[in-house]
Amino acid sequence: MRGTTFDPRAVDAFRISDWDFDPRRRVLRLRYAFEGGPGPERFVETVTFETEPRDPRDPDRSRLDAWHRAVTHLHIAAGTSYYKAAAPERVVVETAALTAAEAAFHHLLYDDGLREFAVTNGLPVPRPVRIEATSGEADRRSSIPGPTPPDRRSLLVPIGGGKDSLVVIEALRARGPTLFVVNPRPVLDDLVSASGLEAIRVRRELSPELGRLNRSGALNGHVPVTAIVSLLAVVSSVLYGFDEVVMAVERSASEETRMVGGVPVNHQFSKSLELERRMRELVTGSIDPGIRYGSGLRPYAELAIGRAFAGLTAYHPLFCSCNAAYRSTADPAQRWCGACPKCRFVALMLAPFMARDAVTGIIGRDLFDQAGEVDGFRALMSDADKPFECVGERKESAAALRMLARQPGWRDTVVVRSLRSDAEAAVSDGDVADLLDPDRALDYPDPAVADAIDRLLSPGGAPVTGTVSSAGRGGSRAGVAAVPGGAVPGPQGR
């Protein structure tokens, strides 16, 4: 009730109640409610598809079933934002029957995807949560069209403002990708403009009731936002007619952030390989087999992505991975805070391949020559203190520091001198080479996309500014300037 303290323990269940869509205004409303407590507490999330379709109609009748299924799964996934206010053991899906596989997918989001939230709120992991829905094992795909021929596939690339999505964009430029932006902000608008590509813009507005509960005693914390964005992209693919959603998530995202009582807790669980595979199964098995989903960067570690991005100099003044720039209260001109784990990690992934003044120019301060930054960089390699942030594997940070210790422009900085012995004890030259080498078992399922990305990320790869080179996988491109910083290339095949 308004004006009273909210008690999460009084809530018995979280209900995923209903949704509706206004095709004229392109507004989707997702409704939720808590069962029990002094309430009832109800929430209405609004999703506005701001970009007008070229053919402004309802979803094509032949894809209507795909539209309903996509929205149903988005509805359940987006519910994690409200569920966490009380985190009851029961999640009741009232909108549709779920197969066993579908229910298992969403259980991952409400358990593994909320483990960081649970740890920061003193709750047990794994999460004791049940997804309750009517069982529905029937095949629902009868009215969904078959896969689109490869020569007619259209690509939708979600962009978050960081280096990874920009690498994918440039690798796929010749394929004419369309960008996908959720909650546009000046940082994202600038990057879209600089890319010269078209973009689909979607705005997600959380229910104001959630903010009220947060001010009156609700639980709060991290949710599996990448899974929500992924399903927003799938819903948009149905609405706007795209056949392929190419994410920009690296293989490093699968490493746990902490072990808590023997249970892995990963800040980036919704970016992990496990969830990507489950998401692909959900999309092709339950939503539309004609839509392909996956990450084009999955074979690559962050270190290899940093090597490629070092050459995309036009984006260096514009991109930003720091959370400060994406807060609702951020100054439109704000980029890097220069004092958080993400600032440190991005600087560390770029430094082996760039001059010191260039990295300083991006971040806004020289992080490597500050004694007060040593502990922050050390935490990136730590089993106990790795931050709950979107940072890569511990050994990637150690590998980058090992590389910097051998480069004249970097080796005498305070951070590198202080951490060199730790880094060299953690990784070998072979480990560095392995991190720069793609894992071919994780290649994107569309060979044309995988080949285009590989051409840019291979050693000596160049920014793609027009058409993609016709060289095969692992081929070189002529006229490429040497990457500064003394990169250590790894083997070309695995």
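In helix α9, the residues Leu273, Leu275, Glu276, Met279, Leu282, Val283, Ser286 and Ile287 are buried, where buried means under 20% relative accessible area with a 1.4 Å probe, counting protein chains only. This is a predicted model, in which local features need pLDDT of at least 70 and side-chain atom pairs count only at pLDDT 80 or more, while totals for chains, interfaces and linings use all residues. Residues are numbered from 1 along each chain as its sequence is written, and side-chain values use heavy atoms, with hydrogens and water left out.

Helix α9 spans residues 273-287 and reaches 20 Å from its first C-alpha to its last, close to the 21 Å expected at 1.5 Å a residue, the expected span being 1.5 Å times one less than the number of residues. Helices (H or I, at least four residues) and strands (E, at least two) are DSSP runs, numbered from the N terminus. The buried residues of α9 pack against α1 (64-78), α3, α8 and β12, contact meaning heavy atoms within 4.5 Å.

Strand β12 leads on to the sheet, an open one in which ten strands follow the order β5-β4-β1-β2-β3-β8-β7-β6-β9-β12 with mixed pairing; two strands pair if DSSP finds at least two bridges between them. At the edges stand β5 (130-132) and β12 (292-295), each of which pairs on one side only. Within the sheet, β3 (residues 42-49) and β8 (residues 199-205) run antiparallel and are joined by four bridges.

Helix α8 (residues 225-240) packs on this sheet, touching β3, β6, β7, β8, β9 and β12, whereas helix α3 (residues 100-110) lies across β1, β4 and β5.

Note on methods:
Axes are lines fitted to C-alpha atoms, for helices over the stretch in contact, and angles run from 0 to 180 degrees between N-to-C directions. Buried means under 20% relative accessible area, exposed over 50%, partly exposed in between (1.4 Å probe, protein chains only).
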